[in-house]
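Me: I have not seen this structure before. Please show it, and I will ask how its terms are meant.

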Amino acid sequence: MGKLTRIFPLLILMLLCAIGVNAQQTEKKSRGEMRKEMAEFKMKFLAQEMELQDNQIEQFTEVYTKMNQEKRQAFASAMRLERKLRSDKDAAEADYAAAAKAMDEAKIKDHEIDRRYDDKFSKFLTAKQRFKMREAEEKFRRKMEQMHRERKGKGGKGK
């Protein structure tokens with residue numbers, strides 16, 4: 001566990017450096033490239049937090065990537081509706097109802113995807129590793145949100 005305690009700050013430092021370099025090269029990198037780099041970093045972070053063995057990493061990355069693609073697709077239409085509502089000052093009550101229903105359905109699909117992929121993960125991950133995966137995902141999300149808030153507070157775009 002002491003090894004993890006030492007590696008985690010190093011990973012965070014690497015992420016901060018990557019974001020700094022990314023900010024300088026924003027015009028050079030597409031959104032897809034930035035998403036790919038972030039996904040690779042997240043995979044390394046999750047593998048470390050879950051204490052994956054070398055023989056588990058490749059299979060985990062493949063299955064986890066597929067799961068995330070399905071989740072992104074599940075939320076895509078709901079997110080489009082939400083963005084449309086934010087820009088439409090004259091949106092009707094029915095538009096809001098449709099967006100809320102789409103988001104509810106996306107959340108249900110998200111849960112179904114989690115259940116289906118948990119079965120796949122259980123074939124090569126221990127219960128402890130699957131538990132740690134959920135914790136690590138939340139930890140990663142919180143850290144990204146914190147970094148985003150700090151960046152907004154230091155001259156980043158604000159609302």
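Me: What share of contacts between residues at least 6 apart in sequence join residues at least 24 apart?

Reply: In the protein chain that share is 72%, where contact means heavy atoms within 4.5 Å. The model is predicted, so local features need pLDDT of at least 70 and side-chain atom pairs count only at pLDDT 80 or more, while totals for chains, interfaces and linings use all residues. Residues are numbered from 1 along each chain as its sequence is written, and side-chain values use heavy atoms, with hydrogens and water left out.

Me: How many helices and strands are there in the protein chain?

Reply: There are five helices and zero strands. Both are DSSP runs numbered from the N terminus: helices are H or I with at least four residues, strands E with at least two.

Me: What span is expected of helix H4, and what does H4 reach?

Reply: The expected span is 1.5 Å times one less than the number of residues. H4 (residues 93-121) has 29 residues, which gives an expected 42 Å, and H4 reaches 41 Å from its first C-alpha to its last, close to that value.

Me: Which residues of H4 are buried?

Reply: Among them are Ala-99, Met-103, Ile-113 and Phe-121. Buried means under 20% relative accessible area, exposed over 50%, and partly exposed in between, with a 1.4 Å probe and protein chains only. Their cover includes helix H3 (54-87) and helix H5 (127-153).

Me: Why is H3 called oblique to H5?

Reply: H3 and H5 pack at about 55°, with axes 14 Å apart. Angles under 35 degrees count as roughly parallel, over 145 as roughly antiparallel, 65 to 115 as roughly perpendicular and the rest as oblique; therefore H3 is oblique to H5.

Notes:
Axes fitted to C-alpha atoms, helices over the stretch in contact; angles between N-to-C directions.
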